[in-house]
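Subject: Structure handover and notes

Dear colleague,

I am passing on the structure below, together with my notes on what was found in it. Please read the notes with the coordinates open beside them.

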Amino acid sequence: MNINTSSAVWTALGWTFLHVGWIGVIVGLAASLVRRSLRRAPAEVRHAAALVSLLSLAASPFIAFAVVYEPAHAPISPPTATITQPDSSPQARAVVVNERPSIRPTLPTEPTIASRWFEPWIDVLPGVWLAGTLMILVRTTIGLAGVERLRRTSTPLRDGPVAELCHELARSLGIAREVGLAVCDRIAGPLLIGVIRPTILLPAAALSGWAPDQLEMALLHELAHLRRRDNLVCLFQQLVEALLFFHPTTWWLSAWLRLERETCCDQRVVARTGRPRAYAELLATLAGAGSSTPPCPAMTERPIATRIRRILFKEDRPMPLKPTVPETLALAAATLLAAALAIPTRAEAPKLKADAAADLKRIAASLAALPPTPGVDADGEPDPRTMALLMIAERQNTQGDRAGALETLKHVKIDPPNDRDLWRDRKALFGCELLMMLATERYNAGEVAEARGDFRRLIEVVTRPNPADAKLLNQMARVFRIIIEKKSGSPDGPTGTIDEAVRLAAASGEDVPQGDMEVFFGRLEMPIAFLSALAKLREVDLMNSVAASIDGWLELSDDSVLAATIKGHVGVAYIQAGEDRRGREYLADARKRIDAMPAGPVREGVAQLMVGTTAEADLDAALNLLPTLPSARRNHVLRDVLQRGVLSTITPTPWEDPAGIKITIGDPDLAPTEQARLLLPRFVALARTIEEAPLRARTLAVLAHLQVQGGDPTGAMATAEAIPDIHRPEAPVDGFHDSVKPATFALIGWRLAKAGDPKAADAAFARSRDLARAVPSDPERVIAWIVLAEKLEATGRRDQANAVLADAIPLAKTQPEPRRSRMLSMLSRTQLKTAGVDAATTTIDAIRDEPGVEKGYALNSLAHTLHTQGDDEAASRVARRALACLEPKPSDPKPVPNDQRAVSRISFIDYDQETPASWLAMQRANPQAALRKLAGDPTPPPAGPPWQQQMQRSADVADAFHRGGLDEALRTVEALDSPTSKASALQRLAYEVASEEKLRK
């Protein structure tokens, strides 16, 4: 194709390119003034103004071309007056010639200075323009093709509750045309695609991890785009961006139009739902999940911060009515450079995330190649092959890969329970639980009818009458009553192991069942487990069958404690399934039974359980029940309610800390739900009524942390100030004391800094520092400093963190063991990040050598830091030192028979008590494989018990996956010697693959 660069068209295009530069500046300045004047106008008006501005800019090259272009054969006359020809012929016309000099380069007899300067570029500029436009169009086409691939690879949702919700919302918005709905595992947020065949794509997580109100808001947003025909406007935008890619005003106006478009849809969602804060949180979550801007309307369009501000505060930041100096200079400078520069700031087309679907299929194939297993072994334990296949299928369903999930489930073989006695047969009982999981995944994978049949058959087995039911139910009811009565005097409520419950019941002279108590309790809980699973699927008819069986069971026992507890769980399940009326009937029945009980610890214990259960479905009702409990119980119940009804997020965190100090002040890994944010003031008011000062302080610390996350920093600071002064006693303690208040302010400062409020964060950190200095107890002061230093470092305040460490480390060195070494171990890890290797090494050297766990873990952190910095030789030396510290020592504590001490997420570990032998062995084993790799030591760690060896083999496979990918991990699995070991390792590998994909999203 030959292009005549000397033609009149080519020359006119060159001058059009230049003229669009100054025209764009005028359009941009005018749009800037209009935008400022309309900042309080409705979003629809601002959107119209932005669209008109972009249309004006889009028209400018055509107008300029029409002005400057003149065909080559047209006569060129010198400047003169108007000449009128006689109209005696049909061709008679008036020829009008400009009296002023023309801007066209061929008209002046003497070229101007500007003309001479631009003249050499005139023949080049059209080529640059054409090439840039073609490149942008090609990129846009690729992006649109990618979106079409998303449509083809997505899973349509033609029926079901989500599809019905979408159709109902479309009708309510007046959308008459058919709107497609599909699930795609390659996107992180909702997306509207297509002009002729509009389709809403939802991420796979929307069907499994989103609340119904979040799903409704997402669908409303995308349907609002369709109702406004934003997909057509978006297509026009892309054409303008391709045509005028070289001008900054194009991208500024396009971004403004995009913002106002999203604001219009946001406002429709908020007006419809009346929940601005919940919608803002959803936007923030989706923005964190994916950062690319798709070539079509999307809920995750930027700028998210501005959109959220408009949602929550109804307006944008104040803007002056005149253009700012930087803005004017920037536009002017851009005009001067417009002839030479192209500024393609448009976002990339959507990048499809690499997903885990293919990896999970390969792992499932490896599991399928192993010898089939019955699902549950002779001891009643689920085999790793079955559990791994079920986990993979669950993850595939979450991704929307239903076909892959069904293929995986084909390899799951679980022996049916048939006519076995579920009260006595451990294998049959836990086989039922696995079959329930299998039916659930089949249901989620689309085999709804088949899964319903599976559920019906299982329900028949689980609800089949047994002659022993009445006797065993009454025996179990007595055991349950005894443990509530004996244990409910503790502020921690009715907790304890099953064996402990039986011992307490037998000691009271009760007739206890003889056999496997875990099986007895499992049998008692099995119908509730089925109800919970069916509630998530909203299979009310099947739930009714289970509930009828439970009601029949309870008629066999006259124990009100058991009846109230079970009916509470049934009510919660119905509410979660959407059957609110029936669920509340069960809850009312349970409450009535509790009210009829005689006053005493049993009634209080059952009421305490009832409050926690109710919180799962009705947080407001749970709070109404709280004041009926004695103060001693209220703290535990508040924590239980916080756990069940308030928290939307629990960040995975170690349940035990190798340094020996596990600081859970304020529950730093928790986040509140939207409903809980509104109810937090009521929580605080109830917490202030707790009589025991330590319990009140620790609960208020949690609530202050939740308040600052809920967007109420003022309330959080007030709650933190209300924390009472509590002092650590000399005797062994059950939790932190003096450190609670300063640590809470440090937690608030950390959250405020993360939220982008540095001034408020500094105030909270300063308050924490002042309170920590005033703590009279040396160990508690060090605890407060540990938290403060960690949070200062986490927010980039390293100098302040070092100042805290300078006070904390010398004081920690004066403390008696074991607290001394435990504190130094924690402080050294923060010091490693703030002051560097040398300073941290000095602190680590001061840690005791025996039992060596504290020092070994500190050296482990140091070795990995050195490796990250590229000093592998030093890392190897430090790793060898760490391995030596982790070797067993003659002074190690001896194992204690029947030691049933356990840890939980919020449990307290007294830093003045030595680590028990059972924990010590695990702590020594955990880091050894990674340390041996850093040390270059191929010798495997000493063989421990079988469970520990299997954990190590699985950890090696996970390490191989992160180091060399799936191929290397599968080769590591193949090298294992037994099918059981391979299945366990593949189960861990499937978990690692799924977790990595979750992090990518």
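In this predicted model, helix H2 (residues 43-68) and helix H9 (residues 248-273) have axes that come within 9 Å and cross at roughly 155 degrees. Since angles over 145 degrees count as roughly antiparallel, that makes H2 roughly antiparallel to H9, and the crossing of these two helices is left-handed. On the H2 side the contact is made by Ala43, Glu44, Arg46, His47, Ala49, Ala50, Leu51, Ser53, Leu54 and Leu57, and on the H9 side by Thr249, Thr250, Leu253, Ser254, Trp256, Leu257, Glu260, Arg261, Thr263, Cys264, Gln267 and Arg268. Sorted by class, the contact of H2 with H9 has 10 nonpolar, 7 polar and 5 charged residues.

A further helix pair is H4 (residues 125-153) with H8 (residues 230-243), whose axes come within 8 Å and cross at roughly 150 degrees, so that H4 and H8 are also described as roughly antiparallel to each other. Here Trp129, Thr133, Ile136, Leu137, Thr140 and Leu144 in H4 meet Gln238, Leu239, Glu241, Ala242 and Leu243 in H8, and by class this contact of H4 with H8 has 7 nonpolar, 3 polar and 1 charged residues.

Turning to the strands, there is an open sheet of 4 strands in the order E3-E4-E6-E5, with mixed pairing. Which strands stand at the edges? They are E3 (155-156) and E5 (191-193), each of which has a single partner strand, so one side of each is left without a neighbour in the sheet. Helix H7 (residues 212-227) packs on this sheet, where it touches strand E4 (180-184), E5 and E6, and the direction of H7 makes about 150 degrees with that of E6.

Strand E6 (residues 199-203) runs antiparallel to E5, to which it is joined by 3 bridges, whereas E4 and E6 pair in the parallel sense over 5 bridges. In residue terms, Leu192 stands opposite Ile200 in E6, the bridge partner of Leu191 in E6 is Leu201, and the partner of Gly180 in E6 is Thr199. E5 and E6 form a hairpin with 5 residues between them, and Gly194 in the turn has a positive phi of about 90 degrees. As for burial, E6 is mostly covered, with 5 of its 5 residues buried; both of its faces are covered, Thr199, Leu201 and Pro203 being buried on one side and Ile200 and Leu202 on the other.

Phe17 is found in helix H1 (residues 8-37) and counts as buried because its relative accessibility is 2%, which is under the 20% cut-off; its C-alpha atom is separated by 9.2 Å from that of Phe246, 229 residues apart along the chain. Ile63, by contrast, lies in helix H2 and counts as exposed at 55% relative accessibility, and the C-alpha atoms of Ile63 and Thr16, 47 residues apart along the chain, are separated by 8.8 Å.

Some backbone features should be kept in view when you go through the loops. A cis peptide bond, with omega about 5 degrees, joins Glu817 and Pro818, and Pro818 has its place in the loop between helix H33 (798-813) and helix H34 (819-834). The peptide bond from Glu850 to Pro851 is also cis, with omega near 5 degrees, and Pro851 is found in the loop between helix H35 (837-845) and helix H36 (853-868). Arg229, in the loop between H7 and H8, has a positive phi of about 60 degrees although it is not a glycine, and at 54% relative accessibility Arg229 counts as exposed. Arg538 likewise has a positive phi of about 60 degrees without being a glycine; it sits in the loop between helix H20 (517-537) and helix H21 (540-556) and is partly exposed, with a relative accessible area of 49%.

For the protein as a whole, there are 41 helices and 8 strands, and of its 1001 residues 51% count as buried. Among contacts with a separation of 6 or more, residues 24 or more positions apart account for 71%.

With best regards

Note on methods
Residues are numbered from 1 along each chain as its sequence is written. This is a predicted model: local features need pLDDT of at least 70, side-chain atom pairs count only at pLDDT 80 or more; totals for chains, interfaces and linings use all residues. Side-chain values use heavy atoms; hydrogens and water are left out. Axes are lines fitted to C-alpha atoms, for helices over the stretch in contact, and angles run from 0 to 180 degrees between N-to-C directions. Angles under 35 degrees count as roughly parallel, over 145 as roughly antiparallel, 65 to 115 as roughly perpendicular and the rest as oblique. A crossing is left-handed if the near helix is turned anticlockwise from the far one by less than a right angle, and right-handed if clockwise. Contact means heavy atoms within 4.5 Å. Ala, Val, Leu, Ile, Met, Phe, Trp, Tyr, Cys and Pro count as nonpolar, Asp, Glu, Lys and Arg as charged, and the others, Gly among them, as polar. Two strands pair if DSSP finds at least two bridges between them. Buried means under 20% relative accessible area, exposed over 50%, partly exposed in between (1.4 Å probe, protein chains only).
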